[in-house]
Protein chains: 2
Amino acid sequence: MPKLRVALAQLDPVVGDIAGNANLVLDAARRAHAAGAGIVAVGEMFLTGYPAEDLLYRDSFADASRAELARLATRLRAEGLGEIAVVTGYYDLDGPLTRGPDDGTGGGPRNAAALLYDGQVVTKYFKHYLPNYGVFDEDRYFNRGDRLPIIRLGLPDGDVDLAIVICEDMWATGGPVTAAGEAGVNLVLSINASPYEQTKSDGRLELCQRRAREAGAPLAYVNILGGQDELVFDGDSLVVDAHGELLARAAQFAEELLVVDLDLEPARSTVDGELAAMAVERLRLELPAVPPITSPALVRVAERLSADGEVWSALVLGLQDYIKKNGFRSVVLGLSGGIDSSIVAAIAADAIGPANVVGVSMPTKYSSDHSQSDAADLAKRIGLDFRIVPIAGFVEAINGELGFTGLAEENLQARLRGAIVLMGLSNSEGHLVLTTGNKSELAMGYSTLYGDSCGGFNPIKDVLKTTVWRLSRWRNEEAVRRGQTPPIPENAISKPPSAELRPGQLDTDSLPPYEQLDAILSGYVDGDLGRADLLAAGHDPAIVDRVVRSVDLAEYKRRQSAPGPKITGKAFGRDRRLPMTNGWREHG
Amino acid sequence: MPKLRVALAQLDPVVGDIAGNANLVLDAARRAHAAGAGIVAVGEMFLTGYPAEDLLYRDSFADASRAELARLATRLRAEGLGEIAVVTGYYDLDGPLTRGPDDGTGGGPRNAAALLYDGQVVTKYFKHYLPNYGVFDEDRYFNRGDRLPIIRLGLPDGDVDLAIVICEDMWATGGPVTAAGEAGVNLVLSINASPYEQTKSDGRLELCQRRAREAGAPLAYVNILGGQDELVFDGDSLVVDAHGELLARAAQFAEELLVVDLDLEPARSTVDGELAAMAVERLRLELPAVPPITSPALVRVAERLSADGEVWSALVLGLQDYIKKNGFRSVVLGLSGGIDSSIVAAIAADAIGPANVVGVSMPTKYSSDHSQSDAADLAKRIGLDFRIVPIAGFVEAINGELGFTGLAEENLQARLRGAIVLMGLSNSEGHLVLTTGNKSELAMGYSTLYGDSCGGFNPIKDVLKTTVWRLSRWRNEEAVRRGQTPPIPENAISKPPSAELRPGQLDTDSLPPYEQLDAILSGYVDGDLGRADLLAAGHDPAIVDRVVRSVDLAEYKRRQSAPGPKITGKAFGRDRRLPMTNGWREHG
């Protein structure tokens, strides 16, 4: 019975850094080869990173991707890695850069996978199913493929048939995995760029299990890792056998080279030509140098994170990669003593270390004593670079001339903090400014444009206020479990939220209680429910109308807000696009 | 020979205001009926407005669109308009709100047209070709249709066969217009939501002519009008005969009810069932009450605007609708005496009248004398509400504490102007803040985040600096032609551009000469050319590298910038999406 040691390299590419990403593949091949693997795979569109968006419209970008693929094959052989099969995602251009109708016959730009061996590009596969919903816009950029190469691998102890598919291909019933199963392949390799999303079930594993059973073959699933603007790819690569049994699973939110030994059925496929509306192409690849498996690989099934641990990791990795990939080394944020800035400081410290986090308290005459003492306590617990810049004098100097009152005066304070002090420190010292508005505020438009919303990244953009509290408690408990100081002062968690822009102000003056607000937002924003559905779910009609009206009117502020890691099905950002000019009034 | 008076109602709907848009249809039907028309048509997705984006994901929105359609049919009859056929675009949901693969069989959400008559929805048509490029995301929102209703209209003097198609359907060779031609229809009615884009040719007319000749039938093309966020729909509805001869054409950038009398061939179509991969459905509609055409309609072929006149109109209408549809009545902007703020003030005055435009001069110690005198001259020429708010004292108060120097000090001035003074005036007095960065600056990131980029709308976001100059001269000449005062001071046009944020500063300290810069930007941004292409076009390599590097690094600033009317193929905004985290370096 043929045996194959398969390595899945779960790595963090940088969109656009084609040469750097190729180096990551080369390094993974080196490690996989050293570990005795016969084949190693990296994720979807790995050479270009995912999603490359409108870079894909440039001929020069497509040329660079294809040239790098050929160079990678050559370099692998030159470095003595010609005898390990390498599968990588990349961007191909099949003929001229014209995007035809989505009929699979037009040539053009392709979401592609290549198998490299002995200095050659042995075969290419073009993704069949192009997702065009949520965060995906693949119909915009790619033409769909309609070929299914079946690669007969001549292993030392017998032949096996391999099929390669890409991400969404696996989600389609009747798609390439189904066809590969009908063709009788012995192994399916799926390369993916699948972003994290909070779910209650383990859908990724379940899908792999179902498809493996349907195909009657083991399935190896490799995902990319890392933050890319608002997306966070969580890794979680895995391998199941033909019965759907989980054989190996990589960490979530961390790089890993997952290695597994597979006992494969001998090759039996005879299909050639048309099958299930795709053109099956057969080819043979001799792998004479695959080392015999003398001792079993260290199989690993990584423990899954808790629900809160997953979210925390997504926020930390999303921030960490945004900082690193954009060339920053430190961050600055305003510390109000409230829970939102406190949790962001804790996330930032976990992402880049407390020494690289600058926290600034900027009191005015409306600031409470606890706003300053809680901020100082937080800074001490975390060990960050804490500064105090009183802005009361600035407010006076400006308002003495302009005489702003009411909302204009409130906003003036927030703008002096965000646009003047924090952005000035960013310009002077090179920090990335973090903004700290939670999803509930953002939904309601409860923030100051060019004020507290100033900044390059918002780690809690997709986190509802009630989740901010829950995660804060979780992070503190986690610290206790690890014998560390809980980072977030208890008072920041327990005190009533206030913007402190006028005397005695509380969030509840302007917003419904957060428990009710977040329940309604979950339905209206994440669930696309209408007013009638929300009333049927038992929410207070007056509050529903208030929330719905505010959400409908706040789109402009949301469009002007900083990006942040997406953790839900409907984040405000890439996968949610409302008109700014919008006459729709859901409320009665 | 059957005759039919056709009315095309070129109107400005508001996205989401379904009831208001239905009222527009009702009013158009009333006017068309009064003009003796037998049929009247409005544009694509008229009841919902276009593009409705993620509103389309809500069941409540789909329900409202369908309910309004039925109510509209009833209201038309109730108001004595049952005997005119009314064709309108709307949003339909054909079965449950599930988006299937793009195979035309899945039911689900539809970009739809309906024909209303005598209180009934007589037939529905679902768009076949869903554009998913440039500003269009229709694969995201709709499932494609595969039916082609052919409606036999029983007119008093004979029968004719009518086919209705929607926008992109007309652009596809082999699509519904081709099929309608093969089926032998006598009239094609095309409803559209087709945004303005600067072109050298009259592509819209040419397409209508080609399709009419292919179909061997007259073609009536109706477009919507108006600004919707970054899109400007330019109207330009038209009718050609079966030989492609232009019979009638409506104004660009203005509402119009275009009425034309058509001599139609008698019905001859016998096709039923499958044709060109679409299901032809035949139905008959008696129109006994169509009034005889006793005197010919006042046929109109509107004069076309000049190239510069088109662009000016697009900028004015885009701004006007953004202000109006978002409930503002006035605007405020900073006046530096430079050309960018001067042209924006002129556009704003043309859009909403000079009395509703507030211009603020905000000098610092670096401001030149001419910056203030040119601003005052402009304000006087236009007649706008001019104010002077010196900010030198604010700079001193803040910088005395914080000691910002260099870039931080430059940005401080811009932020005090934009975020503190203009936004404060907006909060106090209710004006929309206009921001005035041109496309060349935006491309290069030559602006201050939360400074001069503050504001809700930017009328010249898609206008290169050299075009700003050209349009300014055009507008002044136009004033002379009309015997009015040219709005823009000659000195604002002719002096060298400067941000005046440090002593003696000129744009050319930081940017290449604008003639060279704009030529490179046209290639790199609008043309998706690569570095090699730009060098091959003869541009200076050092300047190319400088431009390309700056453009690649400025995406975050662009994402944070205000919307503005799109006039080119590649505006920064809706139809251009680069990664913010972007390791691609086109330059060597």
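How many Å separate the centres of domain 1 of chain A and domain 2 of chain A? The centres, taken over C-alpha atoms, are 41 Å apart.

**Before you start**

This is a predicted model, in which local features need pLDDT of at least 70 and side-chain atom pairs count only at pLDDT 80 or more, while totals for chains, interfaces and linings use all residues. Residues are numbered from 1 along each chain as its sequence is written, chains are lettered from A and ligands numbered from 1 in the order in which they are written, and side-chain values use heavy atoms, with hydrogens and water left out.

**Stop 1: the two domains of chain A**

Select residues 3-286 of chain A for domain 1, then 307-504 for domain 2. These bounds come from an automatic or database domain assignment. Where the two meet, domain 1 of chain A puts 14 residues into the contact and domain 2 of chain A puts in 13; contact means heavy atoms within 4.5 Å.

The size of an interface is often given as the accessible area lost when the parts come together. Here buried area is the accessible area (1.4 Å probe) that two parts lose on being put together, summed over both. For domain 1 and domain 2 of chain A this is about 1100 Å², with 56% of it on carbon and sulfur atoms. On the domain 1 side, select A:Y196, A:D229 and A:F253: these lose the most area to domain 2 of chain A, together 39% of what that side buries.

Two salt bridges are counted between the two domains. A salt bridge is a side-chain nitrogen of Lys or Arg within 4 Å of a carboxyl oxygen of Asp or Glu. To see a salt bridge in chain A, show the side chains of A:K325 and A:D12, whose closest N and O atoms are 2.7 Å apart.

Which elements give two or more residues to the side of domain 1 of chain A that touches domain 2 of chain A? They are β10 and β11 of chain A, and β10(A) gives the most, with three residues. Helices (H or I, at least four residues) and strands (E, at least two) are DSSP runs, numbered from the N terminus.

**Stop 2: A:D229**

Go back to A:D229, in the loop between β10 (225-228) and β11 (231-234) of chain A. Most residues other than glycine have a negative phi, and most peptide bonds are trans. A:D229 is not a glycine, yet its phi is positive, about 55°. Is A:D229 buried or exposed? A:D229 is buried, with a relative accessible area of 7%; buried means under 20% relative accessible area, exposed over 50%, and partly exposed in between (1.4 Å probe, protein chains only).

**Stop 3: A:R110**

Select A:R110 in strand β4 (residues 108-117) of chain A. A:R110 is buried too, at 4% relative accessibility. Look for a polar atom of its side chain 3.4 Å from the backbone oxygen of A:N143.

**Stop 4**

In chain A, a cis peptide bond joins A:Y50 and A:P51, with omega about -5°. A:P51 sits in the loop between β2 (39-41) and α2 (59-78) of chain A. In chain B, the bond from B:Y50 to B:P51 is also cis, with omega near -5°.

Stay in chain B and select B:C167, in the loop between β7 (158-166) and α4 (168-171). Its phi is positive, near 40°, and B:C167 is buried at 8% relative accessible area.

**Stop 5: where chain A meets chain B**

Show both chains. The contact takes 79 residues from chain A and 77 from chain B, and the buried area is about 6300 Å², of which carbon and sulfur atoms give 55%. Between the chains there are 10 salt bridges; one to display joins A:D54 and B:K570, at 3.6 Å from N to O. The count of residue pairs in polar contact is 31 (both at pLDDT 80 or more).

Several elements of chain A each supply at least two residues to this side, including α2, α7 (307-325) and α10 (392-402). The largest share, 14 residues, comes from α11(A).

How values were computed. A polar contact is a pair of N or O atoms within 3.5 Å; within protein, one must be able to donate a hydrogen and the other to accept it, and residues adjacent in sequence count only if both atoms are side-chain atoms.
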